[in-house]
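Welcome! Have the model open beside you and work through the exercises below one at a time. Try each task before you read its solution.

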Amino acid sequence: MKCRVCKAKANVYLRYANMAFCKEHFIEFFERRVRRAIERFKMIEKGDKVVVAVSGGKDSLALLYVLNELSKTMDFEILAVTIDLGMGEYSKLSVEIAEKNYKRLGVDYRIVELEDYGFTIDDVAKYRISGRICGICGTAKRYILNKVAKEEGASKLATGHNLDDFLQVVLQGYLYGNLEDLARYYPITPSLSGLVARIKPLVTTPEKDSLIYTIAKGIEYVVMECPYSLRASSRDLKNAIFYLEERRPGTRFSMFNTYVKMIYPLIREAYFKGGVLKKCKECGEPTNADVCLFCRVKSSVSAKRSA
Ligand code: SF4
Ligand code: ZN
Ligand code: ZN
């Protein structure tokens, strides 16, 4: 098979598009598609300061490399942020690999420790604060990234959610009827009382393509799985989507376009509950309860620690 651009021997074949590329032209294609998604959903404007959330996994690092490339021509700046979540060896390795990549690219970065904000994810598990560790971990990440983005005067917060992640959340929303959540689920979530605008530049990038990109660019990423990963149900949904994709290549893109063009506007109109959030009585961060979940977890951990 030959590269569709230069006709040299192809290294990558994308079944969903029936296109083959050599390494160099795959990289070009990948970066151009991210750029198009950014433009289509107006994710980044001239002069933006974008915090890039980097976990050390393949998607977040692919995102960092692409945004670093695009920042050179699209006139915005980036700041990479990694949170040490306090999960033993896994966190140590994740931070180490993220930092290696920051140095390789020469980008500005910050590494923050969840421990400095009052607890670690290991504490959540050790003191049995919740059976849903991933839920607490997600809350902690969102809380800290938003806080750091505000401290740094960033106008956007970018995460590495890819096409498969996006569709999995949409399908989950359909299955469990979380329509209020879906009313806020879109490639860009505008800034709202105390919340920095969040963007998903890889939203049109299939998961496997991120992996190919990291390999093609020689990016070192964390392969080790998180010790608390219990992704059974989200994996099932992704496998279901992938089954449809295998039978009809391109299904994921049509699911995506149907959602953003036809379904999301209807759900938004019917279920969006305005954008007003309260301020947490303890930390002042935006929340819809009196005390935010982050502060509640923090108090539970400190009560158990001193018991
Ligand atoms: Fe956090 Fe769960 Fe992801 Fe581990 S798998 S990093 S606990 S969200
Ligand atoms: Zn080529
Ligand atoms: Zn709070």
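A residue counts as buried under 20% relative accessible area, as exposed over 50%, and as partly exposed in between (1.4 Å probe, protein chains only). This is a predicted model, in which local features need pLDDT of at least 70 and side-chain atom pairs count only at pLDDT 80 or more, while totals for chains, interfaces and linings use all residues. Residues are numbered from 1 along each chain as its sequence is written, chains are lettered from A and ligands numbered from 1 in the order in which they are written, and side-chain values use heavy atoms, with hydrogens and water left out.

**Exercise 1. Are Phe166 and Tyr259 buried or exposed, and how do their rings meet?**

Step 1. Both Phe166 and Tyr259 are buried.

Step 2. Rings of Phe, Tyr and Trp (its six-membered ring) pair if their centres lie within 6.5 Å; planes under 30 degrees apart are stacked, over 60 edge-to-face, and the rest tilted. A search of the whole structure gives 15 aromatic pairs. In one of them, the ring centres of Phe166 and Tyr259 are 5.7 Å apart and the planes are at 70°, so this pair is edge-to-face.

Step 3. Now place the two on the chain: Phe166 is in helix H6 (residues 163-176) and Tyr259 in helix H10 (residues 251-271), 93 residues apart. Helices (H or I, at least four residues) and strands (E, at least two) are DSSP runs, numbered from the N terminus.

Step 4. Ring pairs also link Phe41, Phe166, Tyr185, Tyr186, Phe256, Tyr259 and Tyr264 into a cluster.

**Exercise 2. Which residues coordinate the zinc ion (ligand 2), and why is the arrangement tetrahedral?**

Step 1. Donors are N, O and S atoms within 2.8 Å of the metal (3.2 Å for Na, K and Ca); water is not among the atoms, so sites may look incomplete. Here they come from Cys3 (SG), Cys6 (SG), Cys22 (SG) and His25 (ND1), at 2.1 to 2.3 Å.

Step 2. Four donors count as tetrahedral if all angles lie between 85 and 135 degrees. Around the zinc ion (ligand 2) the angles are 95 to 115°, which makes the arrangement tetrahedral.

Step 3. Cys3 lies in the segment before strand E1 (12-14) and His25 in helix H1 (residues 23-40), so the pair ties together parts 22 residues apart in sequence. Cys3 is buried at a relative accessible area of 0%, and His25 is buried at 10%.

**Exercise 3. What are the protein donors of the zinc ion (ligand 3), and how are they spaced in sequence?**

Step 1. The donors are Cys280 (SG), Cys283 (SG), Cys292 (SG) and Cys295 (SG), lying 2.2 to 2.3 Å from the ion.

Step 2. Their spacing along the sequence is C-x2-C-x8-C-x2-C.

Step 3. Angles of 104 to 115° make this arrangement tetrahedral. Cys283 is partly exposed, with a relative accessible area of 26%, whereas Cys295 is buried at 4%.

**Exercise 4. What is the strand order of the open sheet of six strands, and which are its edge strands?**

Step 1. Two strands pair if DSSP finds at least two bridges between them. The order is E5-E4-E3-E6-E8-E7, with mixed pairing.

Step 2. The edges are strand E5 (109-113) and strand E7 (188-189), each pairing on one side only.

Step 3. Two bridges join E7 to strand E8 (residues 197-199), and these strands run antiparallel. Ile188 stands opposite Ile199 in E8.

Note on methods
Four donors count as tetrahedral if all angles lie between 85 and 135 degrees; four count as square planar and six as octahedral if opposite donors are over 155 degrees apart and all others between 65 and 115; anything else is irregular.
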